[in-house]
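Here are my notes for you, written as numbered points. Have a look at the model first, then read along.

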Amino acid sequence: CLLCTSCNTTNAQDWLPQTNGYFNSDGEAGLMGLFNLSGNTSIGDLTHSEVGAGLREALKVGTNSVVGKLGAYNGFNLDPVAHIPLPSGLQKVDSALSKIGMNSLTDDLRARLNRAAEKATPKAKALFFTAIEDMTINDAKTILTGPQDAATQYLRRSMGSALKAEMQPIIQST
């Protein structure tokens, strides 16, 4: 996830799909169902500012939802997508310790990594909201018409370094 940029995991997920299901009951149309994309210059009957405002609101709702879920106890630890695994260099150690019944050491490290992310997640919310508020109409258009991970790419570009700087001390102390 984008939050994991501070702990260097490869668990990158697109942020925009995290908002799906919050806007409809069947989960099929999701966020894209809110917008009738009918070309490069117009989006249904909505103005570009309305589309930008709608996307900002959708990203804020998604941010609140994801922060609420992942920032809770076991939010990262029990989530199959967001769970932070041991760094690849320690996976062989974990496997060896498991064979002799001593992988409680690596289990503890894995739990600490995920607890650190859970603790840091609510503090990241303000950074996400700032990036969302600073989004331009061109950014919104790129997110809506770009690749599936366009929202993640935007957030990573606009706030990735600030997020890493903010989260690193929390991760280190935990």
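**Notes on the helices and the core**

1. Let's start with H5: its buried residues are covered by, among others, H1, H3 and H4. Contact here means heavy atoms within 4.5 Å, and buried means under 20% relative accessible area, with exposed over 50% and partly exposed in between (1.4 Å probe, protein chains only). The buried residues of H5 include Tyr 154, Leu 155, Met 159 and Leu 163.

2. A word on where this comes from. This is a predicted model, in which local features need pLDDT of at least 70 and side-chain atom pairs count only at pLDDT 80 or more, while totals for chains, interfaces and linings use all residues. Residues are numbered from 1 along each chain as its sequence is written, and side-chain values use heavy atoms, leaving out hydrogens and water.

3. Now the whole chain: it has five helices and zero strands. Helices (H or I, at least four residues) and strands (E, at least two) are DSSP runs, numbered from the N terminus. Of the 174 residues, 37% count as buried.

4. How does H5 run? It bends by about 65° at Met 159; the bend at a residue is the angle between axes fitted to the seven residues ending there and the seven starting there. The expected span is 1.5 Å times one less than the number of residues.

5. H3 has a kink too, of about 40°, centred on Pro 122. Its 30 residues should span 44 Å at 1.5 Å a residue, and its end C-alpha atoms are 44 Å apart, so the two agree. The cover over the buried residues of H3 includes H1, helix H2 (88-99) and H5.

6. Which residues have the most contacts inside the largest nonpolar core? They are Leu 55, Met 135 and Leu 155, in a core of 19 residues. A nonpolar core is a set of buried Ala, Val, Leu, Ile, Met, Phe, Trp, Tyr and Cys residues joined through side-chain atoms within 4.5 Å. H1 (48-70), H3 (104-133), H4 (137-145) and H5 (150-173) each supply at least two of its residues, and H5 gives the largest share, seven.

7. Finally, look at two rings. Arg 115 lies over the face of Tyr 73, at 4.0 Å from the ring centre, and Lys 60 lies over the face of Phe 129, at 5.8 Å. A charge sits over a ring if NZ of Lys or CZ of Arg is within 6 Å of the ring centre and within 35 degrees of the ring normal.
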